[in-house]
Structure formats: structure tokens, C-alpha cells
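This report describes one protein model, part by part. Please look through the sequence and the structure below before reading on.

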Amino acid sequence: MRNRHFLNSLTNSEKVSYNVTDRGIFPQTLQAKEQSIMEKNIRLVICDIDSTLVTSERELTPRTRAVIHQLHAKGIYFGIASGRSLDELAKKAALWGISYPFDILIGMNGSELWDNLHQKEFSYFKMKKAWIKETMELMKLFDSNCFIYRDDCLLCERDDAQMRKSALTSDKHMVVVDSLSVMYEQENAKIMYRVKEDIVDEIEQYLNRHPSPYYKGFKTQPTLIEFADKRVSKAYALKKFCECNRITPEEVVAFGDTTNDNDMLAYSGLGVCMINGSDDTKAIADDITAYSNDEDGFARYMEEHFLK
């Protein structure tokens with residue numbers, strides 16, 4: 001069933017487009033959805049990055065690159081949606097050997113949007129300073145290492161192997177702060193906490209029992225918990241891009257693997273979860289790939305269903 005929190009956030013007119021009633025949502029069958037999308041022509045494919053578009057080694061395979069080229073040649077927009085910042089996402093195409101920019105970049109899980117068609121950047125719903133400080137009090141109960149992105153720096157609580165890897169993969173300079181108060185000197189799109197994988201479920205359960213009216217905490221990687229404004233989602237930024245470019249949700253195919261992708265998959269005409277994805281994301285997806293991100297799951301799905 002579709003993500004209940006996302007459905008509750010829809011207006012009445014939006015619920016009509018999803019065929020939502022008080023009893024729930026009644027989506028079309030997968031075959032009907034695919035046929036509908038093919039008849040209208042898909043106009044946009046949007047993908048999460050880690051554990052979806054790239055391998056576990058964070059490499060874009062030749063097969064995936066070829067699919068992106070095919071979409072580009074057909075005039076189908078392509079973009080990426082991630083918890084990373086826009087400045088990092090803007091470098092991905094060139095790093096992956098693609099000579100043209102992506103049409104849409106969704107950064108910070110939806111707090112940032114780059115519309116390449118209009119050459120415009122948008123920012124939504126930053127975490128207030130008081131909220132950031134409050135999450136730090138909450139996370140004192142767990143063994144964690146907090147960090148934020150600010151400009152070209154990754155500001156962190158302490159230096160360790162995980163943090164150095166995070167700085168390397170985000171292409172940011174790591175700075176260990178002298179005082180944790182530095183973390184909440186300014187509003188920020190999000191604050192993140194590296195934790196041990198074996199306590200992630202415990203943290204998620206604790207956050208569910210102690211919700212905030214202003215922000216949400218959620219898992220984005222097996223060892224990463226993030227906090228953001230409750231209104232932030234990849235779906236919100238995707239919806240804004242589609243509205244600006246006259247693209248209907250039914251013309252969008254979205255791929256993801258975990259909780260922070262759920263709303264994006266729910267919004268799109270066809271939401272596809274990777275077979276290596278989390279159970280909650282599989283539960284709300286329209287379809288699941290037959291192959292994992294290490295087996296060209298995205299590329300094979302596109303080839304089989306849309307690029308024959």
C-alpha cells in the first residue's frame with residue numbers, strides 16, 4: 001500500500017488523481033500502469049543514487065551509462081535525487097563520463113532542487129537552529145557522530161574512519177568542530193548522525209515513539225540517520241519540477257531503495273524499488289527490480305520495460 005504519511009499530506013484534488021478514498025488507495029495494476037505510461041510516453045526518469053543507480057562501490061556501470069544515453073537520445077529527461085548537496089550532485093555527470101548535465105537534481109532529500117531546463121535553483125524548508133540543537137540532545141542516548149554540510153566543508157563531532165569516508169565521497173573538507181554549538185549557528189537543510197548498523201532499528205523505534213511536530217528523523221543508509229524539516233521530501237521537489245515543466249506524475253518513472261525514497265516512488269506514475277531495497281520501500285512500490293544495484297538492476301529494468 002502507498003505510504004500513508006504521504007497520502008495524508010495530499011490535498012483533496014491531489015487525492016482524486018491518486019484514487020484515494022477513506023478506505024485507502026486503489027492503484028492501477030502494474031501492467032495497466034506501464035501501458036498507460038508507454039501510451040503517453042514517459043517524459044522523466046528519476047533515480048536515487050546509492051544502492052540504486054550505482055554499485056556498492058559507487059560506480060556507474062557501462063550498461064547503466066548506455067541506458068542514460070538512450071534516454072537522452074529519445075528526449076526523455078533524466079535526473080538524480082539524493083541526500084547529498086547540489087554542488088556535489090552537479091559534478092556527477094562528468095565524473096560518470098556523461099558529457100551533458102542532468103535535467104533535474106534533487107539534493108538534501110528534497111530541500112534543494114536544480115531545474116536545468118530553466119537554469120534555476122530552489123531551496124525549501126531548512127532546519128531551524130533550535131531544532132538542530134534538539135536533535136543533538138535526542139541523539140546523546142546513542143553512540144553517534146553528528147555532522148553537517150556547510151559550504152565546501154563537512155563539519156563533524158569527531159574524526160573517525162566513517163567520517164573520513166563521508167568527506168571523501170562528498171568531496172568536502174572535513175573539519176572537527178571545537179564546540180558542538182557550531183552545528184546550530186545557522187539553519188541547515190539537515191543534520192546527520194553516523195551510527196553502528198546494529199543500533200539503527202533501535203534509533204528508528206525511539207524516534208517513532210518521540211515524534212517532533214517540526215522535523216523528522218529517518219534512515220538513509222545502513223549506518224546513517226538524518227533529521228530534516230517534516231515538509232522536506234524528494235517527492236515535494238519532484239512535484240515542483242514537474243509543475244514548472246508541465247509533466248504529470250503519470251509521465252514519471254522513479255527508482256529508489258530505502259525510506260527516504262518512499263514519497264518519491266509514491267508520487268510517480270511508476271515507482272520501482274530495487275530488489276536490494278528495504279522492506280518498507282518494497283511495500284509501497286509499484287514494482288521491484290529482478291536484479292540488484294550490483295547486477296545492473298536499474299538498467300535491466302529500463303531495457304526490459306521501456307527500451308526494447
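## Thr135 and its neighbours

Leaving out residues up to four places away in sequence, Thr135 touches Met127, Ile191, Tyr193, Tyr215 and Phe227, where a contact means heavy atoms within 4.5 Å. Thr135 is part of helix H8; helices (H or I, at least four residues) and strands (E, at least two) are DSSP runs, numbered from the N terminus. The relative accessible area of Thr135 is 0%, so Thr135 is buried. Buried means under 20% relative accessible area, exposed means over 50%, and partly exposed lies in between (1.4 Å probe, protein chains only).

## Basis of the model

The model is predicted: local features need pLDDT of at least 70, side-chain atom pairs count only at pLDDT 80 or more, and totals for chains, interfaces and linings use all residues. Residues are numbered from 1 along each chain as its sequence is written, and side-chain values use heavy atoms, with hydrogens and water left out.

The predictor's confidence in each residue is pLDDT, from 0 to 100. Its mean over the protein chain is 89, and 87% of the residues reach 70 or more. Over residues 1-28, pLDDT stays under 50, and the model has 39 contacts beyond four places in sequence for this stretch.

## The chain as a whole

The protein chain has 14 helices and 16 strands. Of its 308 residues, 54% count as buried. Among contacts between residues at least 6 apart in sequence, 62% join residues at least 24 apart.

## Helix H8

Helix H8 covers residues 129-138, and its buried residues are Trp131, Ile132, Thr135, Met136 and Leu138. They lie on the same side of H8, because they cover an arc of only 160° around the axis. The arc is that of the directions from the helix axis to the C-beta atoms. An α-helix has 3.6 residues a turn, so residues three or four places apart point the same way. The cover over the buried residues of H8 includes E8, E11, H10, E12 and E13.

## Helix H9

In helix H9 (residues 161-170), the buried residues are Met163, Ser166, Ala167 and Ser170. Their arc around the axis is only 95°, which puts them on the same side of H9. Ala161, Lys165 and Leu168 are exposed on the other side of H9.

Among the elements that cover the buried residues of H9 are helix H6 (86-89), strand E8 (144-150), strand E9 (153-156), strand E10 (173-176) and strand E11 (191-195).

## The second largest pocket

On a 1 Å grid over the protein atoms alone, a pocket is an open set of points with protein on both sides within 12 Å along at least five of seven lines, whereas a cavity is a set where a 1.4 Å probe fits but cannot get out; lining residues have an atom within 4 Å of a point. Grid points are joined across faces, edges and corners, and a volume is the space filled by probe spheres set on the points. The second largest pocket holds about 870 Å³ of space. Its lining has 37 residues, and Asp50, Arg58, Thr220, Gln221 and Pro222 lie nearest its centre. Two or more lining residues come from each of helix H4 (49-53), E8, H9, E11, helix H10 (200-209), strand E12 (215-221) and strand E13 (224-229). H9 gives the most, with four residues.

The lining of this pocket divides into eight nonpolar, 17 polar and twelve charged residues. Ala, Val, Leu, Ile, Met, Phe, Trp, Tyr, Cys and Pro count as nonpolar, Asp, Glu, Lys and Arg as charged, and the others, Gly among them, as polar.

## The cavity

The structure holds one cavity of 30 Å³ or more. About 40 Å³ of space lies in the largest cavity. Its lining consists of Ile68, His72, Ile76, Phe78, Tyr100, Pro101, Phe102 and Asp103, which divide into six nonpolar, one polar and one charged.

## Single residues

Arg58 has a phi near 60°, a positive value in a residue other than glycine. Arg58 is placed in the loop between H4 and helix H5 (62-73), and at 30% relative accessibility Arg58 counts as partly exposed. Phe125 also has a positive phi, near 50°. Phe125 is found in the loop between strand E7 (120-123) and H8 and, at 22% relative accessibility, counts as partly exposed.

Asp263 is in helix H12 (residues 262-267). With a relative accessible area of 17%, Asp263 is buried. Asp263 and Tyr236 are 8.4 Å apart in space, C-alpha to C-alpha, and 27 residues apart in sequence.
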